[in-house]
Amino acid sequence: MLDKAKCLFHATRNNRPDSGLELNALRDRTYFCVIYKNDQASADADELMKNNIGTNWEKQGYGIYEQWGEPLPIGTLIDYHLEEGELRCTGTWKYDGYNLESNTTDVQVVKRIEDLGFTQKLTETLKDNLDMLWPNHLTEEAIVIPINDVLLALEKVRD
């Protein structure tokens, strides 16, 4: 019964419109900012995708997170690449838990969705607060930050 109540709560929360005029429309949703340094898929990952999704998997709107180490959260992933201190938004993806594995690699498969329209403001907030939101960004390769943490950082800057 408790599981059913949780499912109903999440379904109601996630069905709210997210095309509002403010970032707060994203609050308490299954949105995450994913920041990583290495954006190159290995030949093994590309071959795995070609064998399971098709030869033009990128053109079909699919992407991957390779050798992530832990499961990505299920939901909407706002994707950022950090290179030489420059943070760049590379798109918005939907992750539903679909994974592929081989003897040499494992990938978590995502599907591109329409950008939210909030990405510029989120990018600015992440850039301005990267040390606070990801204190180990100089030594770690990747991080997943829940949207509420980003919005909280934005509120602290406004205060």
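This is a guided tour of one predicted model, stop by stop.

Residues are numbered from 1 along each chain as its sequence is written, and side-chain values use heavy atoms, with hydrogens and water left out. In this predicted model, local features need pLDDT of at least 70 and side-chain atom pairs count only at pLDDT 80 or more, while totals for chains, interfaces and linings use all residues.

**Stop 1: the whole chain**

Select the protein chain and colour by secondary structure. The chain has five helices and six strands. Helices (H or I, at least four residues) and strands (E, at least two) are DSSP runs, numbered from the N terminus. Read from that end, the elements go α-β-α-β-β-β-β-α-α-β-α. Of the 159 residues, 38% count as buried. Buried means under 20% relative accessible area, exposed over 50%, and partly exposed in between (1.4 Å probe, protein chains only).

**Stop 2: the sheet**

Select the strands. In what order do the six strands form the sheet? The order is β2-β5-β4-β3-β1-β6, in an open sheet with mixed pairing. Two strands pair if DSSP finds at least two bridges between them. At the edges are β2 (62–66) and β6 (142–146), each of which pairs on one side only. On average, neighbouring strands of this sheet are turned by 40 degrees against each other, direction ignored. Axes here are lines fitted to C-alpha atoms, for helices over the stretch in contact, and angles run from 0 to 180 degrees between N-to-C directions.

Now select β4 and β5 (residues 106–113). These strands run antiparallel and are joined by seven bridges.

**Stop 3**

Contact means heavy atoms within 4.5 Å.

**Stop 4: two salt bridges**

How many salt bridges does a search of the whole structure find? The search finds two. A salt bridge is a side-chain nitrogen of Lys or Arg within 4 Å of a carboxyl oxygen of Asp or Glu.

Select Glu86 and Lys127, whose closest N and O atoms are 3.6 Å apart. Glu86 lies in strand β4 (residues 86–101) and Lys127 in helix α3 (residues 119–128), so the pair ties together parts that are 41 residues apart in sequence. Glu86 is partly exposed at 47% relative accessible area, and Lys127 is partly exposed at 43%.

Next select Asp46 and Lys50, with 3.1 Å from N to O. These two are four residues apart in helix α2 (residues 43–52), which means about one helical turn separates them. Asp46 is partly exposed at 23%, as is Lys50 at 33%.

**Stop 5: two buried loop residues**

Select Asn129, in the loop between α3 and α4 (130–133). Asn129 counts as buried, at 10% relative accessibility. A polar atom of its side chain lies 2.8 Å from the backbone oxygen of Thr125.

Last, select His137, in the loop between α4 and β6. Is His137 buried or exposed? His137 counts as buried, at 12% relative accessibility. Its side chain reaches the backbone oxygen of Trp134 at 3.0 Å, and a polar contact of 3.5 Å joins it to the side chain of Asp131. A polar contact is a pair of N or O atoms within 3.5 Å; within protein, one must be able to donate a hydrogen and the other to accept it, and residues adjacent in sequence count only if both atoms are side-chain atoms. Not counting residues up to four places away in sequence, His137 touches Lys37, Leu82, Leu130 and Asp131.
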